[in-house]
Amino acid sequence: MRNKPWAKPELESSPFYIDDPFHKGEWHQMFERTQPLYLELGCGKGNFVAVHAARHPEINYLGMDLKSLVLASACRHAKAAFAAVDRPIDNLLFTPYDIERILDVMDERDCVDKIYINFCNPWPKERQHKKRLTHPRQLERYKKLLKPGGQIEFKTDDDGLFADSIQYFKDSGFTITFLTYDLHQSDFQDNVMTEHEEKFTAQNIPIKMLCAVWDQDS
Ligand SMILES: C[S@@+](CC[C@H](N)C(=O)[O-])C[C@H]1O[C@@H](n2cnc3c(N)ncnc32)[C@H](O)[C@@H]1O
């Protein structure tokens, strides 16, 4: 936190920042209200999840990222997004953890309704593919958290990652219910831009997106 001396004190004073992520099976109780739980993996500076949470008090949101430093920026975005709607931050939490080990900190009792994966690292070299957050190894982990009928929404700028991910979702038994190669020209409603989405859009790179449903009975 050397370059952001404000980060540590701000994290420590943010009740919606949970420094200890080990609440397996208890995430619903961590919120003020019991209601659907949406999870953003690799939320980065957090604008996306903050704006969604401010718009949707009827849903609980958890933003997870490896780096607590970026979560300090996420906490700032949360304060701004909730100030804009004049609401207390009562349906949003951030916690730091390595998503490759997500089953250390969450399980089926956390019963997640939706997972967002936005602009994850494409890991282009074949030997690195296993580290992709959409790799089948990860999808198998997410299946253990998702409730039946739970969804994953995935956005990326990267053509190779997107093509491979379509196959990953199909091979892992998900049903793809929405797919676009140019999100901003599509009829998808309620899109919120992430920090990386703003950057790639400014470079005229089309945003690819898919929604996939996990229904273990189908
Ligand atoms: C390219 S950034 C995208 C950030 C944000 N979702 C956006 O669209 O602007 C990827 C983020 O994922 C996080 N990340 C990458 N691998 C991770 C992992 N294994 N566990 C947790 N976070 C991870 C990084 O720290 C970074 O903040």
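## Starting with the rings

Which residues form one aromatic cluster? The members are F154, F162, F169, F174, Y181 and W214. Keep in mind as you look around that this is a predicted model.

Next up is the open sheet, built from seven strands with mixed pairing. Reading across, the order goes β3-β2-β1-β4-β5-β7-β6. At the edges you'll find β3 (92-96) and β6 (175-180), each pairing on one side only. On average, neighbouring strands here are turned by 15 degrees against each other, ignoring direction.

For a closer look, take β1 (residues 37-41) and β2 (residues 60-65): they pair in the parallel sense, over five bridges. E40 has G63 in β2 as its bridge partner.

## Helices against the strands

Helix α2 (residues 47-55) packs on the sheet and touches β1, β2, β3, β4 (112-118) and β5 (146-156). Its direction makes about 155 degrees with that of β3. Helix α4 (residues 136-143), meanwhile, lies across β1, β4, β5 and β7 (208-214), running at about 140 degrees to β5.

The model has 12 aromatic pairs. One of them is Y38 with Y116, edge-to-face at 6.1 Å centre to centre and 65 degrees between the planes. This pair links distant parts of the chain: Y38 belongs to strand β1 and Y116 to strand β4, 78 residues apart. Y38 and Y116 are both buried.

Charges meet rings as well. R76 has its charged end over the ring of W6, 3.6 Å from the centre, while K131 lies over the face of W123, at 5.4 Å from the ring centre.

How values were computed:
Residues are numbered from 1 along each chain as its sequence is written. This is a predicted model: local features need pLDDT of at least 70, side-chain atom pairs count only at pLDDT 80 or more; totals for chains, interfaces and linings use all residues. Side-chain values use heavy atoms; hydrogens and water are left out. Two strands pair if DSSP finds at least two bridges between them. Helices (H or I, at least four residues) and strands (E, at least two) are DSSP runs, numbered from the N terminus. Axes are lines fitted to C-alpha atoms, for helices over the stretch in contact, and angles run from 0 to 180 degrees between N-to-C directions. Contact means heavy atoms within 4.5 Å. Rings of Phe, Tyr and Trp (its six-membered ring) pair if their centres lie within 6.5 Å; planes under 30 degrees apart count as stacked, over 60 as edge-to-face and the rest as tilted. Buried means under 20% relative accessible area, exposed over 50%, partly exposed in between (1.4 Å probe, protein chains only). A charge sits over a ring if NZ of Lys or CZ of Arg is within 6 Å of the ring centre and within 35 degrees of the ring normal.
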